[in-house]
Number of protein chains: 4
Amino acid sequence: MVRVAIVGASGYTGVELLRLLLNHPRVEITCVTSRQNAGTPIVSVFPSLLGRIDLAFDPVDLDTIIRKSDFVFTALPHKAAMLVVPELLKAGKKVVDLSADYRLRDVAVYEAWYDKHTSPELLGEAIYGLPELFRENIRGVRLVANPGCYPTSVALALAPLLEKMLIDPHSLIIDSKSGTSGAGRTAKLGSLYCEVNEGFKAYGVASHRHTPEIEQTLGQLAGQPVRVSFTPHLLPVSRGILSTCYATLTQPMDTAQLQGLFARRYADEPFVRVHPKGELPNILHVRGSNFCNLGVVGDPRTGRVIVVSVIDNLLKGAASQAVQNMNIMLDWEEDCGLKDLPLYP
Amino acid sequence: MVRVAIVGASGYTGVELLRLLLNHPRVEITCVTSRQNAGTPIVSVFPSLLGRIDLAFDPVDLDTIIRKSDFVFTALPHKAAMLVVPELLKAGKKVVDLSADYRLRDVAVYEAWYDKHTSPELLGEAIYGLPELFRENIRGVRLVANPGCYPTSVALALAPLLEKMLIDPHSLIIDSKSGTSGAGRTAKLGSLYCEVNEGFKAYGVASHRHTPEIEQTLGQLAGQPVRVSFTPHLLPVSRGILSTCYATLTQPMDTAQLQGLFARRYADEPFVRVHPKGELPNILHVRGSNFCNLGVVGDPRTGRVIVVSVIDNLLKGAASQAVQNMNIMLDWEEDCGLKDLPLYP
Amino acid sequence: MVRVAIVGASGYTGVELLRLLLNHPRVEITCVTSRQNAGTPIVSVFPSLLGRIDLAFDPVDLDTIIRKSDFVFTALPHKAAMLVVPELLKAGKKVVDLSADYRLRDVAVYEAWYDKHTSPELLGEAIYGLPELFRENIRGVRLVANPGCYPTSVALALAPLLEKMLIDPHSLIIDSKSGTSGAGRTAKLGSLYCEVNEGFKAYGVASHRHTPEIEQTLGQLAGQPVRVSFTPHLLPVSRGILSTCYATLTQPMDTAQLQGLFARRYADEPFVRVHPKGELPNILHVRGSNFCNLGVVGDPRTGRVIVVSVIDNLLKGAASQAVQNMNIMLDWEEDCGLKDLPLYP
Amino acid sequence: MVRVAIVGASGYTGVELLRLLLNHPRVEITCVTSRQNAGTPIVSVFPSLLGRIDLAFDPVDLDTIIRKSDFVFTALPHKAAMLVVPELLKAGKKVVDLSADYRLRDVAVYEAWYDKHTSPELLGEAIYGLPELFRENIRGVRLVANPGCYPTSVALALAPLLEKMLIDPHSLIIDSKSGTSGAGRTAKLGSLYCEVNEGFKAYGVASHRHTPEIEQTLGQLAGQPVRVSFTPHLLPVSRGILSTCYATLTQPMDTAQLQGLFARRYADEPFVRVHPKGELPNILHVRGSNFCNLGVVGDPRTGRVIVVSVIDNLLKGAASQAVQNMNIMLDWEEDCGLKDLPLYP
């Protein structure tokens, strides 16, 4: 059994990592940290785990983490992660970092959209952990930057088109909608039930920090710089992201051809499911699972293609993708501990 | 008091017309029809109106409607409306038709997207009842085609830009999200609570019937044909539409300039509210009212403008806009009976 | 026009008072206070009111309130209210206080369930403002204690039975369920969307502070002390309270007899609606209105009566009942400004 | 691998049985029937299962079911089940029946609350499958009647008290609230999203068919007839039942004593979790799992005990309890295939 630590576990991603790892056959959870809940039994904060875990939260203390664990998931806010990750690596740990701190390769881009970076030397080493696109790079490495939720949904939606340059990379418009758990488990007025329920709004229009991450991955697939319009919205659901992606086709393709392209591209992927022609995905049909579902439509009237992708933002968009990355890093079966089917309804 | 009939009142638009008209100081509801509920007291179907209306539903009988009323709201499905509206006009009634049957001016377009039209001669006469764009045409006429919910949200969002040709009319992408009441009050599997709750999906991609209606209005504003990508989505809320509209600017404009343009355009409109720079609308802030709220952002990175508009799909998208049209047709104060403020939270 | 102040208006009750009073034909809002939002335009905090009010929040300053207003609604937390109300009365204002501070007549009971009381001399003067039970006491007075949301729903449900002593007062069990707005508009972890959505729980079992208020009113109706089991629950909706009340009948009565009793009791009440036999109320059918709907069932198997009552907790449970009280205090038409019908769906 | 059939699988219980059994290591799903969807691929009806099951729905044909399977879950409406179950038993199959048809031991009671029974001879044989109360009776039998959702939540809540006669069996009041999936996956007006969302209501007051089932189990525990007031309510959530149970204590007990009693009673039960003193359960903390969580409070003011229990109505209230019963019938580990932790948030 590999001894696993979760650093920064009092949020929604943290409780999902706990849920998944408690049922993972090859790991043992040995250290779970939380600055604000240190000393409190985990089940007092997360009664859903009652009876299944006896640990209390540890404080965020590097020595403790290093002593207790072999493999570490860091689920800290950006900036906090980069204070911890280099030390963990130095101590010989393997790390999946769920923050944004090691996702962008260009330190100037990171610093333009986020903050001063204190360990830029790791940006070249960290592998962007989107297995369906970069699986071979992940095997055996010691540091994986787990992708953002929106970027995961977008990259899987557009990869089949950009890999073959079937769309104009200047035409990309991405309209995304996320469940409220994406805003985190902190007491903010805007996240109150009565503010979100029966509401819907856009936010971060033309300025959301996932934009450069999306552009980096799409640019890599296209082999040229890509600039996108990206608009996130807040959905009155707990979980799920749906991204509607628009692009101009460089050659006429109908829905059947597009669907075939997508189906072939992902035929061997255990966690990407392409809907048959005429069917479109719903966030409800991936909730609680590591799946990404895709639907694609060609529009001869406008010459555009529309791709709709859905994931569970806390799972394929965070916790379960992190476990998938661990499985690949440690050369285990990729779906180990990830066989849960979506919880519908 | 003008005697008013509501024809086809057992849906959500019907109950909203009842609610509004019961508090309208210049009308009396004298006839309320429903094929399936004929003979049933209205309050048995709509307990929210308990104690405020004693009528039972009438069957859909033309003679009864004509005898009992002076002014008629037809809230029937398309095709059903065109069987009734010509007869009402012949009998000298004034009509606001809430179906799609008289919204499109070109019978060929109607028949391509809907069905055979049986009273095409009225298409030239019917006025498209979007007061903020076509107010003067509405005064005194006998037939107003009440706009669709999505088209209302889109036309108000894009009018300031298209009227001055500040955007490329070939670049328009419209990503709309509607509450579930838009699907009507009929027992369908897809409208069940457990199918909608915690879900979100696109539907009618590249094929929704509101597309030609949107294109007709935008084309009229632009003075040239317009072709749009329009994607509706189903939101897990009862009410509200939010449309996110993307267009390429024909000249550089920043958010402040764009906000100023919108604020001036709608300065005298009682029911359109433009948010200050940096604020964006939320469907929760118009729920239960006749307002349309607008927010606009310029994106210098991509050269695009993003406009976000919200309405209550049952009100500004249907029932209250119909009452607004009645008020204009009868030369009453335009906000008569429409002073309700949004119900938040 | 009477000049009205709302003291403590940054919560959900505050915005509802604003919404109602902006459309009330006999008052003008002249002062709106908020400690945390002082100086901010009201519409920045409540965009639903955009275009309808130009005021900014005032700080909670007694001189300002006294100078600007004739009539004051105090919507402060308990303890904060009793610091303000005596001063307002001294300055000759009329006050509806929406806190708990003047609801309980016995200072010992107040201090056992709440805190030290600093103006106990007003407890004897303050009138408990439940118009359907105590209307005549309200006329002309200067201080009304606006009832709690749960106690309003319970008192109206049980009054017809207790007034005639048709039930055993020792047998009362009250199971209540409230929408989340009842928890207020403050950033608390337990009020987050993801904590409430798809959840349901009991809280304050056998210890909720509305218990003595319920017992005071029921005891007054019964003419003897009453002790109840009262269990509140948190509903994943924004608004609405439903109370299910159980009592043992002192003589056999069937549903028809009970329904008749209730219908007669409330026949002349504009805001209480008794459902016909066989129908039961739903919170959705009173949302956005001042109505209380009641349904009653007799159960010959157990000898018990079950009464179900629903109100909108922010309206009949707070803001609109406060306006109703103002109307009575000032001898205006009781439903002035309160004619809104429920917003369904 | 045991070959398993699910008869009547197009409802929410059906899809949950599919989800659980697809990940159950000792069974293979070989036959899945649906009258209305016969011939349709299962994944067309349930896209959440996409990629994991290739079968199409079979028609409800006894020969096919018998030929293809060894163990059968019948998830049919009452009356439909009793047409199928006797034939399956005759053919030597083992059956867990999820309908009400074999839950009541007294045919007269069944016929008073339901319908004419056509195989009353099986009522004596069928075992009521609530493992925590009747585990030993379940081992090896061929027919288990899977308990109703409400009765499961109530029996587990009251067993510790009734087994020791610590409460007056005439004082029981049970106020239950269920998620909407309990109303089934059929297109009914009352189950529409807009009818349920933001709503809450009681239904079946003093007349719900689960009443005799509750009374049968409680009477068995008490060793004497029990008559309860049982009121179900409809919650605007997809899943979950919370039952609030009130009873008069026959001797004074405080919360600590009561919590201790419950903790001891269920100490060895893998699927019942008793909250520490001062904490109460929330349906969100059992969603997606086979757990029942319990909280208990003693109220010295009234001499009553209040027990709050929560389950997932589709799982411990239906599908996963059925799998638990299968595991016991076949002498497998009781939690085989049932290790899923709750999906929070």
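Author: In chain A, the buried residues of helix 1 (12-22) pack against strand 1 (2-7), strand 2 (27-33), helix 2 (42-45), strand 3 (71-74) and helix 11 (319-329) of chain A, together with helix 8 (193-196) of chain C. Buried means under 20% relative accessible area, with a 1.4 Å probe and protein chains only. This is a predicted model, where local features need pLDDT of at least 70 and side-chain atom pairs count only at pLDDT 80 or more, while totals for chains, interfaces and linings use all residues. Residues are numbered from 1 along each chain as its sequence is written, chains are lettered from A and ligands numbered from 1 in the order in which they are written, and side-chain values use heavy atoms, with hydrogens and water left out.

Reader: How many residues of helix 1 of chain A are buried?

Author: Nine of the eleven, so that helix is largely enclosed by the rest of the structure. Among them are A:Tyr12, A:Glu16 and A:Arg19.

Reader: OK, over to chain B. At what angle do helix 1 and helix 11 of chain B pack?

Author: About 50°, with the axes 9 Å apart; these are residues 12-22 and 319-329 of chain B. The two helices are therefore oblique to each other, a word for angles that are not under 35 degrees (roughly parallel), over 145 (roughly antiparallel) or 65 to 115 (roughly perpendicular). The crossing of helix 1 and helix 11 of chain B is right-handed.

Reader: And which residues make the contact?

Author: From helix 1 of chain B, B:Thr13, B:Glu16, B:Leu17, B:Leu20 and B:Leu21; from helix 11 of chain B, B:Ala319, B:Ser320, B:Ala322, B:Val323 and B:Met326. Contact means heavy atoms within 4.5 Å. By class there are seven nonpolar, two polar and one charged residues.

Reader: Switching to sheets: what's the strand order in the open sheet of chain C?

Author: The order is 8-9-7-10-13-12-11, seven strands with mixed pairing. Strand 8 (201-202) and strand 11 (272-274) of chain C each have a single partner strand, so one side of each is left without a neighbour in the sheet. Strands pair if DSSP finds at least two bridges between them.

Reader: How many bridges join strand 7 to strand 9 of chain C?

Author: Six, and the two strands run parallel. C:Ser176 stands opposite C:Pro232 in strand 9 of chain C.

Reader: Last one: is strand 2 of chain C covered or uncovered?

Author: Mostly covered: six of its seven residues are buried. Strand 2 of chain C also pairs with strand 1 (residues 2-7) of chain C, in the parallel sense over six bridges.

Definitions and conventions: Axes are lines fitted to C-alpha atoms, for helices over the stretch in contact, and angles run from 0 to 180 degrees between N-to-C directions. Helices (H or I, at least four residues) and strands (E, at least two) are DSSP runs, numbered from the N terminus. A crossing is left-handed if the near helix is turned anticlockwise from the far one by less than a right angle, and right-handed if clockwise. Ala, Val, Leu, Ile, Met, Phe, Trp, Tyr, Cys and Pro count as nonpolar, Asp, Glu, Lys and Arg as charged, and the others, Gly among them, as polar. Buried means under 20% relative accessible area, exposed over 50%, partly exposed in between (1.4 Å probe, protein chains only).
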